[in-house]
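Thanks for sending this one over. Here are my notes, point by point, for you to read beside the model.

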Amino acid sequence: MNKFAVALLASASLCTTAMAADDAIKVGFVTTLTTGGAVIGNDMRDAVNLALEHMDNTMGGKPVEVLFEDDGFKPATGKQATDKLIKEDDVDIVAGYIWSHVLMASYRSVLKADKVIISANAGPSAIAGKLCDPNFFSTSWQNDQTPMALGELLNARDVKSLYLMAPNYAAGKDMVAGVERTFGGEIVGKDLTKWGADAQLDFSAELAKAKASGAEGLAVFYPGKAGGAFIKQYQQAGLAESMPLYTMFTVDALSLPKLQEANMTGILGSEMSMFWSPEMDNAANQKFVAGFREKYGRYPSFYAAQSYDAMNLIKSAADALDGDFSSTSAVRFELAKANFDSIRGEFEFGNNHMPIQNFYARKVIEDADGNWTTEITKTVFEKHQDSYAATCSM
Amino acid sequence: MEGLSKKSAVVGGAFLIVLAILPLVMFFSGNIFLIDIFTRLVILAIAGTSLYLLLGVAGLPSFGHAAYLGLGAYAVGIPVHYATMGGAEWLASYNGWWQFFLAIFVSALFALITGAISLRTRGVHFIMITMAFSQMIFYALISLEEYGADDGLSVYASSEFPFVMLDNPLHLYGVCFGSLLLVLYIVHRLQHSPFGRVLQAAKQNETRVLASGVNPFKYRLLAYVMAGVIAGYAGALMANFSLFISPDMVEWSRSGELMFMVILGGSQHILGPLVGSSLFILLEFVLSRWTIYWHLPFGIILLLVVLFGRGGIMGMLRRDSQS
Amino acid sequence: MDTILLITQAVNGLQLGVLLFLLSAGLTLTFGIMDLINLAHASFYMLGAFFGASVAIYTGSFTLGFSAAIIGVLAVAWIIEKGIISRLYTRDHLDQLLATFGLILIADTLVHMIWGPAGLAIALPPLLQGQLTLGGVTLPSYRVLIIGVGLLVALGLYCLVNHTRTGMLIRAGASNRQMLSNLGVDVGSLFAAVFCMGAALAGIAGILITPITEASIGMGNDIIITAFVVVIIGGIGSIKGAFIAAIIIGMIDTFGRAFLDQLFMTVMPAETAETAAPAVSAMLIYILMAVILSLRPAGLFPPKLR
C-alpha cells in the first residue's frame, strides 16, 4: 500500500512547483541536451548563458530566468517540452529549436497560447511561407537561403556538374531545393539519407555513387556529428583530390576541432556559404567571440551566434517595454524592429519575420594559433530575402 | 487470474478513483499541464490493457504493438491533413466517426493479415516477427513524403463529434477515461468468457486444447485482432491528444515501452497495465525534471523490477496478501 | 550501370555484412546456448568504440586502442554476466528483453556522463588512410581491412566451434542444453565464457567502425535490431547461418541504398522516389525476415535436434 501513497504524494507535490519568481522575465529555451545532438544544444546553452552574463541578467529592468528544456532530437519530445513551458511554467517567450521538424511540431502550441516563439536555428520553408505567423521570429535564416548562396558560389567557381547529399528530413529537403534553385550547372545525382537519433552515419554506398558520377563538385548538408563522420569518409574514399567539397551547416566550430584532431587535412580550403563568420568585424561580434573564447576556450559555432542574438533580440523588446510582456502585440511590434546590435551587423526582418541579410562564402583555414576555423572569402548575396516571403500573407 | 486478491483489487480501484478526480482538481487549481500528463497516461493505459489481452491472457508476447498506435493516429491525421490542405476528397474529413472507423478498420485489417502469419510461429520467433511487421509500418510511414515522412504530421483539428469537443482538455480527458473504463470492462468480460478460457488453456497447455478438438489458432487470431483494434483506437485518441504524429510513435523502442508498462504493473492482472503506465509516466515525469541523466535511475529501476519484482507491482501485492 | 560501381558497392555490402556478422555471432551463440535475448549486446558495441577510442587518443596508437577495446569489453561483460545476466538465463524472453533494455539505458547514460555527448573521433594510422586499387576498382584501404578482420574472425570461430572441445560443448549446448548439464559439464563457466566472447566480438565491431563514423552514444541501438534479424534469419544458434545471413543483409541494405532510388524513379516522380527509396531499402530486411519465418519458422540453418 505504501508504494501507492508515495505515488500520490509525489504527484501532489508536483502541483506546487509551478509557482516561483513571478517578477522575472521568463524565457523558455528548447534545444537538444541529450543524444549526439547535445553537442549543438550545449553550444547554444553556453551562448545563452554568455548573453545573460553580458546583460547582467537583466532585461528592461527585470531579472531574467531562462528555462532550458531538452527535445531529445525528437519532434514529439520537443512538442511535449514546449507544452510544459507554456502550460506549466507560463514563460513569457519561447526560443531555441535546432531542428526544423521539432520546430514544426512545437510552434503551434506556442501560437495557440498567443505567445511569441523565436527560432534560433531552424527555418523551415512552411513557416516562412504559407503557415507564417506574426508571433514567429527567426534570428537565423530561412533554410533555403544558405543553399541558394551555395548555388551562386558554385556558379562563381565555375562548377558544371554537382552531386548533392543531405539527410532525409524537412531541412535536408529545403537545402537540396535551395541549391537546385540557383545552381546553373547539372545535378548529376543526389541522395537523401536516414536521419534522426539513429541516423545513417556510414556513407560508403553513397560516396561510391558520387565518385562514379564523375561530378565536378560534391555539395552536402550534414549538421552535427554526421558532418564529422561524412568528412572523414570523404577523405578516406580518396575524393578529396578529385571532387572538391562544398558544404552547408556541416563544417563549423563544433566539427573543426575534431576534424583537426583526426588530421582530416582534406577539409582545409573547402568552401561553404553562411550568413556569419567568427572573424566578422563589428563590435557586437567581437565582444561575443572574444567573450565566448575566453569563457569556454573554443570558437563559438553559428548556432551559438544565433542563440546569442535571440537573447539580445528579446532584450531589445524588454528594454523598450520596461520589462512588461503582458501584451503580445506590443512585444511583437518591438521585436519586429530588430533594434539591437546583431553579431552579423545590420539586418532587418522581412514580412514573414525572417531576417533579410547578407550571405558570404567562407573557407576553412588555420588561424595564427594553429586552430582550424573559417574565414569569409567573398560576399555572395547582399540583403537577401528568402523566396517564401512572397507566399506569406502577412 | 482467479486469485484476484482483495489487496490488488483495492489498489486498482483506488487508482481508478484517483484518475477520475485528480485531473479535475488540477484543472481547477490552475496547472493545466498536468491534465496533459494524465491524458497521456490514460491513453497509454488503454493500449497497455489491449497488450495485456495478448501478453497476460493469451500468452502471446507481441513486440510490435506500437504499430497499432501509429496506424490509429495516422487514420485521424491523414483525413485531417487532406481536409486542411485539399486533395483526396473520399478520405478528407474532420468527422470523428469516420476517422475512428478508419482507425479501427485499418488496425483490424493489419492485425488480421500479420496475425495470420505471425501466429504460425512461437516464442522468440513470434516476438521477432511482430517486431518486423511494426518496423515495416515504421519505414512505410517514413517513406510517405505526402504525410511528412520522418518529420511527422501536424493534426490541424481535433476529431469532430456531436456534444464533445476533443480540443477541450477536460472533454478529451473525460472521453479517454471513459474509454479506459469501457476497455477494462470489455477485456474483463472477454477473459472470463469461454473464448478467454480457451486462450488461457492454450497458453498453459496447447496439446491438451488441441486434443479436445479445439484449434487455438482461430481464437488467438481473434484475440490478436481485438487487441489491435483497441490499440488502434488508443492511437486515434493519441492523435487528438498530441495533435502531432510521427513515425517515431511506431519505433521498436515504443513497443518495448508499452511492454515495460504492462510488466511493471503486472502482466497477470487486468489492472496491471494501468498501474504500470501510471508508474511509468510518474517516473518519467519526476526523474526527467530532476536530471537530464534520468535514464540512468530509470534503467536501474527497470532492471530491479525484472530481477526482483516478479509479476510486477500487482504480483508483489498478491504475494503479500497470500503470505 | 557500370561494373566498377557494381563491384565497389558489392565490397561495401560485404564490409557491412562482416560488421553485422561480428555483432551477431555473439548474439546467436548466447541466444542458442543460453536461450538469452540480450539487447545490451548493443552496449558492448558502443563500449568497445569508447574504450578503444579513448586509449587510441591517449596513446596515439590505433593498435593499442584496438586491444583496449577487447580487454575493456571483456572485463565489463564478465562483471555484468556474473552480476546480472546469469540470473536471467532461466527467465522468459520478455523479462530478458526488459532487463537488457534497462541495461542499454544505463550504459548509454553512463557513457554520456563519462565522455559527454560529443562522442569520440579518432584518426587512422597513415598506412590505412589511403586507397587500394585492385583491377580498376578503388577502395578505401581501411574498409578492406575491416573485411579482412571479419573474415579472419569468422574462420577462427568456425575452427573453434567445429574442431575444439569447447566448440563441441557449444554445439552440444545449442542443440540440447539440458543434456549438457546432465553430463556434468560446468555449465556456468561455459555460459560465462561464451557470453564474454560474444561481447568481445561486438566490442571489436565497435572499435572497427569508429575511425569511419565515430564513437557515439547509442550507436548500437539501431544496428542491434538488424543483428537480431540476422540471427533469426540465419537460425538461432548457428554461426554459419549468422555469417550467411549477415552477408545477405549487408548486400541488401547497400544495394537498396545504392540503386533503389533509380529503380523507383522509373515508376514514380523523382521527389517521391528520393524519399521512398531509403525507407523501402531499410524495410527490405524486415520483409525478408517475415517471408523466411513464414516459410521456414526456424530460420535458414537451425541447429539440428532440440
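1. A definition to start with: the radius of gyration here is taken over C-alpha atoms, and the globule rule is 2.2 Å times the number of residues to the power 0.38. For the 306 residues of chain C, that rule puts a compact globule near 19 Å, and the 20 Å of chain C agrees. The C-alpha trace of chain C spans about 60 × 50 × 35 Å along its principal axes.

2. A word on the ground rules. This is a predicted model, in which local features need pLDDT of at least 70 and side-chain atom pairs count only at pLDDT 80 or more, while totals for chains, interfaces and linings use all residues. Residues are numbered from 1 along each chain as its sequence is written, with chains lettered from A and ligands numbered from 1 in the order in which they are written.

3. Chain C has twelve helices and two strands (DSSP runs numbered from the N terminus: H or I of at least four residues for helices, E of at least two for strands). Along the sequence they follow the pattern α-α-α-α-α-β-β-α-α-α-α-α-α-α. Of its 306 residues, 58% count as buried (20 or more other C-beta atoms within 10 Å of a residue's own, with C-beta atoms placed from the backbone; exposed is 12 or fewer, partly exposed in between).

4. Where does chain C meet chain B? The contact takes 37 residues from chain C and 35 residues from chain B (contact: C-beta atoms, placed from the backbone, within 7 Å). On the chain C side, helix 4 (93-115), helix 10 (220-234) and helix 12 (270-295) each supply at least two residues. Helix 4 of chain C gives the most, with 16 residues.

5. In chain B, do look at helix 5 (residues 123-143). Its 21 residues reach 31 Å from first C-alpha to last, close to the 30 Å expected (1.5 Å times one less than the number of residues). Of these residues, 18 are buried, so helix 5 of chain B is largely enclosed by the rest of the structure.

6. Chain A holds an open sheet of six strands in the order 2-3-1-4-5-6, with mixed pairing (strands pair if DSSP finds at least two bridges between them). The edges are strand 2 (58-59) and strand 6 (136-138) of chain A. Strand 4 (residues 93-96) and strand 5 (residues 116-119) of chain A pair in the parallel sense over four bridges, and Ala95(A) stands opposite Ile118(A).

How values were computed
Two residues are in contact if their C-beta atoms, placed from the backbone, lie within 7 Å.
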